[in-house]
Amino acid sequence: MKRWQILIATLLVALSTFIIATPVAPMSSVYRIELNGFAPYYSPVTGTTYAHQPVEWVNETASPHTITHDGCLTDTPCAFDSGPLAANARFGMYNLKPGIYPYHCRLHPIMKGTLIILNPTKEPSIS
Ligand SMILES: [Cu+2]
C-alpha cells in the first residue's frame with residue numbers, strides 16, 4: 001500500500017468514527033404531554049420546553065378533555081384551546097412565544113397544568 005493510500009484510509013476511518021460518534025440534536029422533536037385519568041392528569045403537570053420545539057398533548061384516557069389556556073377565560077389573550085379532545089387524539093401547538101401558560105380542562109376544572117416555554121437567552125414572563 002502506498003503512502004497516499006494509507007493516508008486516505010486513515011482519514012476515512014477517522015471521518016466515519018466522527019460521524020458515528022456525533023449524535024444529531026433533536027431540534028424539532030415534539031415535546032409530549034400525556035393526559036391521564038388520575039391526578040395530576042397532565043403528565044408532566046408542569047412541562048418545560050423551548051420556543052422552537054413543537055408541543056403535543058395526547059389524550060391517553062377514554063374520555064374527552066380540553067387543553068385550554070387559562071387566558072381564554074379572562075381578558076388576557078387566549079393562547080390555545082383544543083376544544084374537546086377525543087380518546088387517543090392529539091393536540092399540537094407549534095408557535096408559542098416564550099412565557100408561562102397555565103391551562104386546564106374545560107370539562108373537568110380539577111384538571112390543571114402549566115406549560116413553560118423558554119427562550120434560551122431570556123427569563124420567561126407570565127402570560
Ligand atoms: Cu377533562
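Q: Which atoms coordinate the copper ion?
A: Keep in mind that this is a predicted model. The copper ion has His65 (ND1), Cys105 (SG), His108 (ND1) and Met111 (SD) around it, at 2.0 to 2.6 Å.

Q: And what spacing do the donors follow along the chain?
A: The pattern reads H-x39-C-x2-H-x2-M.

Q: Why is the arrangement irregular?
A: The 4 donor atoms subtend angles of 86 to 136 degrees. Tetrahedral would need all angles between 85 and 135 degrees, so the arrangement counts as irregular.

Q: OK. Is Cys105 buried or exposed?
A: Cys105 is buried, because its relative accessible area is 0% and the cut-off is under 20%.

Q: What about His108, buried or partly exposed?
A: Partly exposed: His108 has a relative accessible area of 31%.

Q: Switching to the inside of the protein. Which residues touch the most other members of the largest nonpolar core?
A: That core has 19 residues, and the ones touching the most other members are Ile33, Tyr42, Trp57, Ile67, Phe80, Tyr103 and Leu115. In general, nonpolar side chains in soluble globular proteins tend to be buried together.

Q: Which elements give two or more residues to this core?
A: Those are β1 (31-35), β4 (55-59), β6 (90-93), β7 (99-104) and β8 (112-118). β1 gives the most, with 3 residues.

Q: Let's zoom in on Tyr42. What is it in contact with, leaving aside neighbours within four places in sequence?
A: Tyr42 is in contact with Ile33, Glu34, Leu35, Trp57, Thr66, Ile67, Tyr103, His104, Cys105, Met111, Lys112 and Gly113. Two names there also turn up at the metal: Cys105 and Met111 both coordinate the copper ion.

Q: Now cavities. How many of 30 Å³ or more does a search of the whole structure find?
A: The search turns up 1, and the largest cavity has a volume of about 30 Å³.

Q: Which residues line the largest cavity?
A: The lining is made of Tyr50, Ala51, Gln53, Val55, Met93, Tyr94, Asn95, Leu96 and Ile117.

Q: Last one: where is Ala86 found?
A: Ala86 sits in the loop between β5 (68-69) and β6. With 44% relative accessibility, Ala86 is partly exposed.

Q: What does Ala86 touch, not counting residues up to four places away in sequence?
A: Ala86 touches Asn59 and Pro64. Also, the C-alpha atoms of Ala86 and Val58 are separated by 9.5 Å, with the two residues 28 apart along the chain.

How values were computed. Residues are numbered from 1 along each chain as its sequence is written. This is a predicted model: local features need pLDDT of at least 70, side-chain atom pairs count only at pLDDT 80 or more; totals for chains, interfaces and linings use all residues. Side-chain values use heavy atoms; hydrogens and water are left out. A nonpolar core is a set of buried Ala, Val, Leu, Ile, Met, Phe, Trp, Tyr and Cys residues joined through side-chain atoms within 4.5 Å. Buried means under 20% relative accessible area, exposed over 50%, partly exposed in between (1.4 Å probe, protein chains only). Helices (H or I, at least four residues) and strands (E, at least two) are DSSP runs, numbered from the N terminus. Contact means heavy atoms within 4.5 Å. Donors are N, O and S atoms within 2.8 Å of the metal (3.2 Å for Na, K and Ca); water is not among the atoms, so sites may look incomplete. Four donors count as tetrahedral if all angles lie between 85 and 135 degrees; four count as square planar and six as octahedral if opposite donors are over 155 degrees apart and all others between 65 and 115; anything else is irregular. On a 1 Å grid over the protein atoms alone, a cavity is a set of points where a 1.4 Å probe fits but cannot get out, and a pocket is an open set with protein on both sides within 12 Å along at least five of seven lines; lining residues have an atom within 4 Å of a point. Grid points are joined across faces, edges and corners, and a volume is the space filled by probe spheres set on the points.
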